Amino acid sequence: MRRISDIKPVEWRDGKIAWMDQTKLPWKEEWKESESVDDLARAIKRLEIRGAPAIGVAAAYGLAISASNSGGNLKTALRRIRDDAVTLGRTRPTAVNLFWAIDRMVKMAERLAEQGAAPEQLKQAMVDEAIMIQNEDIESNKRMGKLGNRLIRDGDVILTHCNAGALATGGYGTSYGVIRTAWQAGKDIRVIATQTAPLYQGARLTVWELKRDRIPVTLITDSMAAYAMKNAGVTKVLLGADRVLMNGDVANKIGTYGIAILAKRHDIPFLVAAPVSTIDRKSTGIVIEQRDPAEVRNVLGKLAITVPDVPALNPAFDVTPNELVSAIITERGIAKAPYRPALRKIVSTGG
Ligand code: MRU
């Protein structure tokens, strides 16, 4: 059996949250740790921790820290948890997993407070719940991997965008989980990874993960996607999501929408892998995070590639309309159009 690596981007270590600083990859594997929610919020904003499920897991640990830091009074603890939930919720607006995890943690704290739990009990329960969120995410990724593997054929050339690997999740990968499951099953697959400008999650992180697992990968610039589909034998597009609406629209890293249009033009299946925690059951709309234009004017905060102060757009995500999506792989099944009934069935079954 082919071996694959084991990476968890965040961990609970003796009352602290530890994370691998993803801004340092692929050059350095640097771990940081803290028992401050403000530090954690800063790390999420800076993309030291990034990827929809990973920021959800991190926020859950953040609220476990809030509970641990709030002394012996239940009322004070609850107030602090609620305040910190607001701080963490303000870090990144698009990925729904963040709000899903915060909501789950706050609701649990409120339930325990109502039951008159002892403060020590609350602290322990918050830590246990956050660990459970991470473990459940890994399990759901593995399940998605198994289900998604049914769609992968021997010889597939898979184009992916951004990073939806172990680094972006509790620790296995959504779309990358499908790729590594297919690889482990012995399928002869190759990956084409886009660089994913402006922050290069594809070049820096996806390639790093694929290399560790010895899965063949070729790097392209984002603008080569059409060429790769026409000339480099792409047979599938497979990527993750930050938010899936009940109608099947998918928010994911900027550039995804363009790739979906190209896939349609070239008759290539466009597959999305996302856990149920990424499905926005309320579907009230998608807020697209707008980041600092300086990220577009400078390469990774170092090299200036244009004239100073030229206006630049920097939306971190875009929305792919459902008619361009061939299937959405979740841990509870694979949804296909019409998405509303298919996703309704998925969210209403199981946990
Ligand atoms: O800005 P990022 O790096 O957090 O964006 C991440 C993505 O767009 C991923 O594709 C998405 O979160 C799926 S993660 C399993």
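Leaving aside neighbours within four places in sequence, Ile329 is in contact with Met144, Leu147, Gly148, Leu151, Val178, Leu238, Val272, Ala273, Ala274 and Ile334, where contact means heavy atoms within 4.5 Å. The model is a predicted one, in which local features need pLDDT of at least 70 and side-chain atom pairs count only at pLDDT 80 or more, while totals for chains, interfaces and linings use all residues. Residues are numbered from 1 along each chain as its sequence is written, and side-chain values use heavy atoms, with hydrogens and water left out.

Ile329 belongs to strand β15 (residues 327-330); strands (E, at least two residues) and helices (H or I, at least four) are DSSP runs, numbered from the N terminus. Ile329 has 0% relative accessibility and therefore counts as buried, a term for residues under 20% relative accessible area, computed with a 1.4 Å probe on protein chains only.

The domain assignment gives domain 1 (10-141) and domain 2 (142-348), with bounds that come from an automatic or database assignment. To the contact between them, domain 1 contributes 29 residues and domain 2 contributes 39 residues. The C-alpha centres of the two domains lie 25 Å apart.

The structure holds 3 cavities of 30 Å³ or more. A cavity is a set of points, on a 1 Å grid over the protein atoms alone, where a 1.4 Å probe fits but cannot get out; lining residues have an atom within 4 Å of a point. The largest cavity has a volume of about 190 Å³, volume being the space filled by probe spheres set on the points, which are joined across faces, edges and corners. Its lining comprises 20 residues, and Arg50, Gly51, Ala52, Asn163 and Asp242 lie nearest the centre. Domain 1 and domain 2 each provide at least three residues of this lining, and α2 (52-68) and β9 (250-253) each supply at least two. By type, the lining residues are 8 nonpolar, 8 polar and 4 charged; Ala, Val, Leu, Ile, Met, Phe, Trp, Tyr, Cys and Pro count as nonpolar, Asp, Glu, Lys and Arg as charged, and the others, Gly among them, as polar.

There is 1 aromatic pair in the structure. The ring centres of Trp12 and Tyr61 are 5.6 Å apart and the planes lie at 15°, so the pair is stacked; rings of Phe, Tyr and Trp (its six-membered ring) pair if their centres lie within 6.5 Å, and planes under 30 degrees apart count as stacked. The pair links distant parts of the chain, Trp12 in strand β1 (residues 10-13) and Tyr61 in helix α2, 49 residues apart. Both Trp12 and Tyr61 are buried.

How values were computed
1 Å grid on protein atoms, 1.4 Å probe; cavity = no way out; pocket = protein on both sides within 12 Å on 5 of 7 lines; lining within 4 Å. Buried < 20%, exposed > 50% of the residue type's maximum accessible area, 1.4 Å probe, protein only. Phe/Tyr/Trp six-rings, centres within 6.5 Å; stacked < 30°, edge-to-face > 60°.
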